[in-house]
Amino acid sequence: MDGKFIKSYKTELELIDFARKYSINRLGFDKDHAFEKYDKSIYAYYFVQWSPRFRLKIRWESFENRREAKISASKKKTEGYDVYYRDVEAVGNKNLPITKSLLKCDLAEIAFTVPHEKWHNYAKPYSLVFRDCEIIEEACANAIGFNEASNIVKELYGNKSDEMKDVLLQLDSGREASQEARNIGEELNHLYKSKLDEKEMMKLKKIICKKYDFEPNNASILETYVYDALFDLTDYIYTENSRKESIRIFTTALRTASNKGFRKGVESLLKHYDGDKEQFRRVPNVLHW
Ligand SMILES: [Zn+2]
């Protein structure tokens, strides 16, 4: 069964192997064992994220067992939090196996996921204070993931391939999502700081969420916020500089955030940005409770 399974994912496995070697040889990431072997016993990893209903704050926990994750999610819900549960194909881990759920992704997503996670492994020694580094680290991971996915796919399948079209769509929607994330974040932050009572606040929260096509659930909004809010900034840096220089700028920002906090980490990135810097200075650190 699994031999057959692996055979039917030949293209995916070849792409993963290519992207893994590409991340090591071209991006200079660690020669670790991430994405080396398929592990049939692991389907995916399970994330539970929770937020207070009227504050722009999020926390999360990851599980290897779906049942445990579901139990934790429903417990948080009964405690009154907005809860968001999802499974993920891969996590930053130097022994990360190839999961069944990764093989089931489309090729554009795979080409994105491998350098994204390999960056996390590489960034670990720079990113010492989780709550100050997480948003910066994810924005860097997405800039590397989306941009390198297009290089990987171009090399493997050509500039005019369908896979290339998928990658470019993926990159465009990432860029669109970034501005949207900052906008909904600002509107909600403004609302939560108001003196309205809960009922009134809930009404307005629903209106704002509907406008941006989100469920009125802080945890699901902030889950994307963590990845998207600074993406425009890291994407700009990655596009304007050589990849080696960009990665140096990213690790410097993480080290700065580790030593001096989230704000200083963002400022370190902003030294390399020519546009409107204020929009990024207004991004709150939603992981800092
Ligand atoms: Zn990530």
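Trainee: What is the angle at which the axes of α11 and α12 cross, and within what distance do they come?

Mentor: This is a predicted model, and in it the axes of α11 and α12 cross at roughly 155° and come within 7 Å. Since angles over 145 degrees count as roughly antiparallel, α11 and α12 are therefore roughly antiparallel to each other, and their crossing is right-handed.

Trainee: Which residues of α11 and α12 meet there?

Mentor: From α11 come I249, T252, A253, L254, T256, A257 and K260, and from α12 come F262, K264, G265, S268 and L269. Sorted by class, this contact of α11 with α12 holds six nonpolar, four polar and two charged residues.

Trainee: Which residues of α12 are buried, and on what side of the helix do they lie?

Mentor: In α12, which spans residues 262–270, the buried residues are F262, G265, V266 and L269. They lie on the same side of α12, because they cover an arc of only 100° around the axis. The buried residues of α12 pack against α6 (130–157), α10 (231–240), α11 (243–260) and α13 (278–281).

Trainee: How many of the residues of α10 are buried, and what covers them?

Mentor: Seven of the 10 residues in α10 are buried, so that this helix is mostly covered by the cut-off used here. The buried residues are F231, D232, L233, T234, D235, I237 and Y238, and what covers them includes α6, α7, α9, α11, α12 and α13.

Trainee: How do α7 and α10 pack, and what makes the contact?

Mentor: The axes of α7 and α10 are 8 Å apart, and the helices pack at an angle of about 135°. α7 and α10 are therefore oblique to each other. On the α7 side the contact is made by G174, R175, S178 and Q179, and on the α10 side by F231, D232 and D235. By class, the contact of α7 with α10 has one nonpolar, three polar and three charged residues. F231, D232 and D235 are also among the buried residues of α10.

Trainee: At what angle does α5 pack with α7?

Mentor: Helix α5, residues 107–123, and helix α7, residues 162–192, pack at an angle of about 60°, with their axes 8 Å apart. That angle makes α5 oblique to α7, and the crossing of α5 and α7 is right-handed. The contact is made by L107, A108, A111 and F112 of α5, together with E163, D166, V167 and Q170 of α7. By class, the contact of α5 with α7 has five nonpolar, one polar and two charged residues.

Trainee: Turning to the backbone, what is phi in F35 and in D213?

Mentor: Most residues other than glycine have a negative phi. F35 has a positive phi of about 65° although it is not a glycine, and phi of D213 is near 65°, again a positive value in a residue other than glycine.

Trainee: Where are F35 and D213 found, and are they buried or exposed?

Mentor: F35 is found in the loop between α2 (10–25) and β1 (45–51), and F35 is buried, with 24 other C-beta atoms within 10 Å. D213 has its place in the loop between α8 (198–211) and α9 (218–228), and with 8 C-beta neighbours inside 10 Å D213 counts as exposed.

Trainee: With what is D32 in contact, leaving aside its neighbours within four places in sequence?

Mentor: D32, found in the loop between α2 and β1, is in contact with K94 and N121 once those neighbours are left aside. D32 and Y122 are 90 residues apart in sequence and 9.5 Å apart in space, C-alpha to C-alpha. With 16 C-beta neighbours inside 10 Å, D32 counts as partly exposed.

Note on methods
Residues numbered from 1 in each chain as written. Predicted model: local features only at pLDDT ≥ 70, side-chain atom pairs only at ≥ 80, totals over all residues. Axes fitted to C-alpha atoms, helices over the stretch in contact; angles between N-to-C directions. Helix = DSSP H or I, 4+ residues; strand = E, 2+ residues; numbered from the N terminus. Parallel < 35°, antiparallel > 145°, perpendicular 65-115°, else oblique. Left-handed = near helix turned anticlockwise from the far one by under 90°. Contact = placed C-beta atoms within 7 Å. Nonpolar A, V, L, I, M, F, W, Y, C, P; charged D, E, K, R; others polar. Buried ≥ 20, exposed ≤ 12 C-beta atoms within 10 Å, placed from the backbone. Arc of directions from axis to C-beta.
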